[in-house]
Amino acid sequence: MFKKILIANRGEIALRILRTCREMGIRTVAVYSTADANSLPVRFADEAVCIGPPASTESYLNIPRIIAAAEITNADAIHPGYGFLSENAKFASICEEYDIKFIGASARMIDQMGDKASAKATMKSAGVPVVPGSDGLLESIEEGKAIASEIGYPVMLKATAGGGGKGMRLVYTEADFEKAWHSARTESGAAFGNDGLYLEKFIEEPRHIEIQILGDQTGKACHLSERDCSIQRRHQKLVEETPSPIITEELRQKMGEAAIKGAEYIGYEGAGTVEFLVDKHGDFYFMEMNTRIQVEHPITEEVTHFDLIKEQIKAAAGVPISGKNYTPRHYAMECRINAEDPGKGFRPSPGKITNMHLPGGRGVRVDTHVYSGYTIPPNYDSMIAKLITVGESREEVIVRMKRALQEFVIEGIKTTIPFHIRLMDDEGFKSGKFTTKYLEDFDFSEL
Ligand code: MV4
């Protein structure tokens, strides 16, 4: 087992990783920017190394500085958390060169899954259902139009380097194709330095359902059921829940088997997520694979009783998985508490938390790095806490979430708490019948 892990991240996930390391008897190194000098991970870690100024490119994304910090502290592994360098193939391979274990996917795997067209082709070969469309990248506008008229409009042009909706265009008719092609190419070229596009049939009003998987170095994988992440705004998830209100046991087994088939086909090691779109007929299609721990991992932990960070560390150390496929018997939900003003288009609201009270009681978990008197720097992601509730039914989890949200006091800044309180009272949400478009028509006034 590792003796010392460097945590190449900040905020709640750095604290989350640190806690598991402590419980496993592994020493920890926090790295931090000058903006995070007063943060809890820095205070609680065994050692802390300042790696630069607030700008991420000069600190949490700066590979030489992080490697140097690992070298001087003699860390034998690096946990990248999510975001930052967690899906950076170059970083994973540099860690390998320096004989530091990267707790995550191999560089080859990150590359293979990071390119969306190649990930899709790989999953198709593995026998995982994919959305009908082009086989790989489009060579020309003519090829794109030909495939689109064959599968039928509307279609979606997608950037192979994409994610988060960037470089993605919905095309309704052949007359709109050329314009969409050029704007998607320009946008993805500018954002990713890669303007490769592929094409898919448009799935109308889908649900976003993802399967948590675990793989080990023997090539075996298991799944820990699904998370429903359909409540999103502009590709930012706000609420996640498990089990999904629309997934039957039969569909769960089918999706779980498909995710395992894909993971075992590529020899996936560690924790990963296979994202699917589920249409109104209950047909599902591979969308993307995430080779990192995800923000919403706690809801899976709460219903399966696995510590997913521990499972990642064990897999990286070569311990075979003990996991069986999981059938949910409890319910869990997560609300993302962001330092944003939901009444003003969710604009960021950094600054000092003048007073704070965390909710508690039965079935409540809060993952956060903030405290009363803490100043949220403007340089990073606006998520400051995750409120997770667990219960015996979806209704109980929603009632408990509303109760916990009402107990949650954060003064000095605006947060997404008022939005979540309104959502917990919303009939459409409570019915469980919603799609990824749900928040497009939501009333955000007077929040
Ligand atoms: C789609 C789709 C419909 N049909 N692909 C959005 C982000 C990117 N990762 C994939 N996305 C979508 N791909 C086909 N063929 C609809 C979306 C989509 C979406 C997906 C999941 C959650 C929220 C979404 C919001 C808008 C569009």
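This section describes the ligand site, a pocket, the cavities and some backbone features of a predicted model.

The side chain of Glu288 has a polar atom 2.7 Å from a ligand nitrogen. For Glu200, an N or O atom of the side chain is 2.8 Å from a nitrogen atom of the ligand. At Ile203 the backbone takes this part, with a polar atom 2.9 Å from a ligand nitrogen. The ligand exposes 520 Å² when taken alone, and 88% of that area is buried by the protein.

Attention now turns to spaces in the protein itself. Rolling a probe the size of a water molecule over the atoms shows where empty space is left. The second largest pocket holds about 180 Å³ of space. Its lining consists of 13 residues, and Ala92, Glu96, Ile100, Lys101 and Phe102 are those nearest the pocket centre. Helix 4 (89–97) and strand 5 (101–102) each contribute at least two residues to this lining. Helix 4 makes the greatest contribution to the second largest pocket, with 3 residues. The lining of this pocket contains 6 nonpolar, 2 polar and 5 charged residues.

The largest cavity has a volume of about 80 Å³. Of the 16 residues that line the largest cavity, Asn9, Arg10, Ala14, Ser39 and Pro41 lie nearest its centre. Two or more lining residues are given by each of helix 1 (11–23), strand 2 (27–33) and helix 2 (40–44). The lining of the largest cavity divides into 10 nonpolar, 4 polar and 2 charged residues.

The second largest cavity has a volume of about 70 Å³. Residues that line this cavity include Ile103, Gly104 and Ala105, together with Tyr268, Glu269, Gly270 and Ala271. Thr291, Arg292, Gln312, Ala315 and Ala316 also belong to the lining of the second largest cavity. Strand 12 (270–278) and helix 11 (308–316) are the elements that supply two or more residues to this lining. Helix 11 provides the largest share, 3 residues. The lining of the second largest cavity is made up of 6 nonpolar, 4 polar and 2 charged residues.

Tyr153 and Pro154 are joined by a cis peptide bond, with omega of about -5°. Pro243 is situated in the loop between strand 11 (236–242) and helix 9 (249–266). Ser225, although not a glycine, has a positive phi of about 65°. The position of Ser225 is within strand 10, which covers residues 221–233.

Technical notes
Residues numbered from 1 in each chain as written. Heavy atoms only, no water. Polar contact = N/O pair within 3.5 Å; in protein donor to acceptor, adjacent residues only side chain to side chain. Areas by Shrake-Rupley, 256 points an atom, 1.4 Å probe, with all protein chains shown as cover. 1 Å grid on protein atoms, 1.4 Å probe; cavity = no way out; pocket = protein on both sides within 12 Å on 5 of 7 lines; lining within 4 Å. Points joined across faces, edges and corners; volume = space filled by probe spheres on them. Helix = DSSP H or I, 4+ residues; strand = E, 2+ residues; numbered from the N terminus. Nonpolar A, V, L, I, M, F, W, Y, C, P; charged D, E, K, R; others polar.
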